[in-house]
Amino acid sequence: MTSPPLIQLQDVVKTLGVQRVLDGVNLSIQRGEITAVIGKSGSGKSVLLKHVIGLLEPDQGEILFDGRPRSAMNSAERSALKRRFSYVFQDTALFDFLNVFENVALPLAERHALPPAEVARRVRDKLSQLDLHAVETKYPSQLSGGMKKRVALARALVTEPEIVLFDEPTTGLDPIRKNAVHSMIIDYQRRLGFTGVVVSHEIPDIFFISQRVAMIDDGRILIEGTPEEIQLSSNREVRRFVEGLESPHDDLTGIDSAAIGHKRLLQEMSRLQRFRIPFSIVLLAVEGLEGVDRIEGHMAGQALFKAFAGHVIQNTYITDTCFRFGINKMMVVLPDTDKARARDFYHKLARTMNSHLHHSAGEALKGFDFNVSAGVAQADVDSSLEELVAAAEQGKTIFYQSREAS
Amino acid sequence: MDLIVTLKNPIAAVGREVLDFIRLMGRMFLFFLWGFLLIFQPPFQFDKIRQQVYFIGMKSVFVICLTAVFTGLVLGLQGYYALVKYGSTAALGSAVALSLVREMGPVLTAIMVIARAGSAMAAEIGIMRVSEQIDALETMDINPMRYLISPRIAAALVCFPLLTALFDVVGLYGGYLSGSALLGLNPAFYFSRAQSSVEMSDIVGGFIKSIVFAMVVVTVCCFQGYYTHTRTEYGAKGVSLSTTQAVVISCVLVLVTDYVLTTFLL
């Protein structure tokens, strides 16, 4: 028997004013996963999140935690439940009468009976991880939007919560910072193991960081599944929404988006099956930055990824397709190419890598250790796309290793 | 539409308004009671109360002194010319002292604090509400009533009587300035009459008034800010409306309760 989901919404109905915002929402959130909630603006995503934490009570329906309905809990139990949560507000909701340090310290100082020295230690720890130690004494009104988001993130994570709810954590950030926040969310999630619910518009980036995606429309969950299932869904509403937001180009790197790449793969596959024209893929991944637990690291990682993508594009032919495959991954589809020629491409890439990267992202990368690995695979008529990707993934070798600046 | 409904059945409309008003009073009373009780929930929020005492009390000292001096001056002037007709200018001390201690002190102090601190309280709490800061407190399992409202209630209950006492003293000297220093009444007459006519019951009555005003002002101002989001106007407009309402309602309520209290205290 499987254990009940960590959070379960059953037929939740909520009417605000005259509008029925939630109209029978059913959603399960599994422990240790990141669940993304997508949907048009005004479709009730934030309202849904507020029900999960208990800022709003449902008119009908039930919200269960570990199988126990909240309505059956007494106030002490609800209070204990709330302490397992953190909530990152859309507009940060930082306390404007407190400075950055006090903002981050507040949840620790007010509700955990910790000695002040311990509070200060934990807060400083979190602030330096998010690269905020320099603005400790500033007030929220003196900070930029991106910095406020980071303070809000620090405030949410300082209590080491079990469940973190993010309400549009990246809205209004530039592509590098947006990707840095995403990579930070998955990085923290891996290390701290929290359960995350992310409300977001960021398609397709959100698909890279979540294990489950639920789309909400007209107050109901339209579809729920893995990111792949959503992207391949044939439901008209889902398609219209996903394609409407999905630009053909990845906004960080300028290379093709995952959806375009996927289409290209399917085309090549059918060409192979019908005309026996071979094709190969090269899977490239920037790795090793997980050890850097500061925003600088995540930012540098994204800057590196961007520079690296530029480098790859320069080395491809016009018939090749290069697309984003994950938060730190991209794939190159080489049509009419067998494995040997794909290897040539790979070697050429490796040879010119050094000079190019240092030229375009040298400053940002100083002091960080990372490596770039690549795997090459040739498509086989009998194998599926998944097997092809798995083969490339397996054959990955490191072909570029940064040297620590001496 | 509203007007048509009112005209069709004016008595029902008046009744509705009255019921709404009574309901509002009830909600505000519960709001006060809840905030007041939370003052005593451990751990005691001494620091926050001290900050609010500084904000409501200390920062009002100057404006209270200023108002008190001029109130005293005018009382001295008016009283002198009214009394001189009957040749009893010696009673000026009593007149000034009694009107200050019984009425002017508590009422004008309350009005000045509403203008200075009450409006600020309503706006600050209102902004916290519309920018979701109060929701943020709730998500952290920090009781916003205890964190935001209780320290303000405690501070107001401390500050109002002290500011009233200050107002009385400064006003008394204001009366002396116009009555004696300018118009030539013997200062000895002024102060001895002031001393002999004011009784302990007057002073206690004044302090009772000031404590009741403190309750009224802090409750109305905090309540208006705290429930900004329940208005039909959102955002900045809602906050500005809440602030205006806080000032108007608390001023009116101060004058109304003043009349009621006076009838009981006299």
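**Figure 1. Buried residues of helix α6 in chain A.** In α6(A), the buried residues are A:Lys178, A:Asn179, A:Ala180, A:Val181, A:His182, A:Ser183, A:Met184, A:Ile185, A:Ile186, A:Asp187, A:Tyr188 and A:Gln189. The model is predicted. The helix covers residues 175-192, 18 residues in all. From first C-alpha to last it reaches 25 Å, close to the 26 Å expected at 1.5 Å a residue. Just after α6(A) comes A:Gly193, with a positive phi of about 70°.

Figure 2. Helix α5 runs over residues 145-157 of chain A and has 13 residues. Its first and last C-alpha atoms are 19 Å apart, close to the 18 Å expected at 1.5 Å a residue. Of its 13 residues, 10 are buried, so α5(A) is largely enclosed by the rest of the structure. Among them are A:Gly146, A:Lys149, A:Val151, A:Leu153 and A:Leu157. A:Arg150 also sits in this helix. A:Arg150 counts as buried because its relative accessibility is 10%, under the 20% cut-off. A:Arg150 and A:Thr337 are 187 residues apart in sequence and 45 Å apart in space, C-alpha to C-alpha.

**Figure 3. The salt bridge between A:Lys40 and A:Asp217.** The whole structure holds 32 salt bridges over all chains. In this one, the closest N and O atoms of A:Lys40 and A:Asp217 are 3.0 Å apart. The pair links distant parts of the chain, 177 residues apart. A:Lys40 lies in the loop between β3 (34-38) and α1 (45-53) of chain A, and A:Asp217 in strand β9 (residues 212-217). A:Lys40 is partly exposed, at 37% relative accessible area. A:Asp217 is buried, at 9% relative accessibility.

Figure 4. A:Asp66 pairs with A:Arg84 in a salt bridge, with the closest N and O atoms 3.3 Å apart. A:Asp66 is in the loop between β4 (60-65) and β5 (68-69) of chain A and A:Arg84 in the loop between α2 (75-82) and β6 (85-88), so the pair ties together parts 18 residues apart in sequence. A:Asp66 is partly exposed at 32% relative accessibility. A:Arg84 is partly exposed at 23%. The network of salt bridges links A:Arg31, A:Asp66, A:Arg84 and A:Glu162.

**Figure 5. Strand β13 bridged to helix α13 in chain A.** A:Lys329 and A:Glu393 form a salt bridge, their closest N and O atoms 3.7 Å apart. A:Lys329 is in strand β13 (residues 329-335), A:Glu393 in helix α13, 64 residues apart. A:Lys329 is partly exposed at 26% relative accessibility. A:Glu393 is partly exposed too, with a relative accessible area of 29%.

**Figure 6. A negative surface patch on chain A.** The patch is formed by A:Glu228, A:Glu229, A:Asp380, A:Asp382, A:Glu386 and A:Glu387. Helices α8 (227-231) and α13 (385-394) each supply at least two of its residues. A:Glu228 is found in α8.

Figure 7. Chain B has 10 helices and zero strands. Its C-alpha trace spans about 65 × 55 × 30 Å along the principal axes. Of its 266 residues, 47% are buried. The nonpolar patch has about 1,100 Å² of accessible area together, and includes B:Met200, B:Phe207, B:Tyr259 and B:Phe264. Helices α9 (200-226) and α10 (235-265) each supply at least two residues. α10(B) gives the most, with seven residues. B:Leu265 lies in α10 and is partly exposed, at 40% relative accessible area.

Definitions and conventions. Residues numbered from 1 in each chain as written. Chains lettered and ligands numbered in written order. Predicted model: local features only at pLDDT ≥ 70, side-chain atom pairs only at ≥ 80, totals over all residues. Heavy atoms only, no water. Patch = residues over 30% accessible without salt bridge, like charges linked within 9 Å, V, L, I, M, F, W, Y side chains within 5 Å. Areas by Shrake-Rupley, 256 points an atom, 1.4 Å probe, with all protein chains shown as cover. Salt bridge = Lys/Arg side-chain N within 4 Å of Asp/Glu carboxyl O. Lys, Arg positive; Asp, Glu negative; His and termini not counted. Charge placed at Lys NZ, Arg CZ, Asp CG, Glu CD. Helix = DSSP H or I, 4+ residues; strand = E, 2+ residues; numbered from the N terminus. Expected span 1.5 Å × (residues − 1). Buried < 20%, exposed > 50% of the residue type's maximum accessible area, 1.4 Å probe, protein only.
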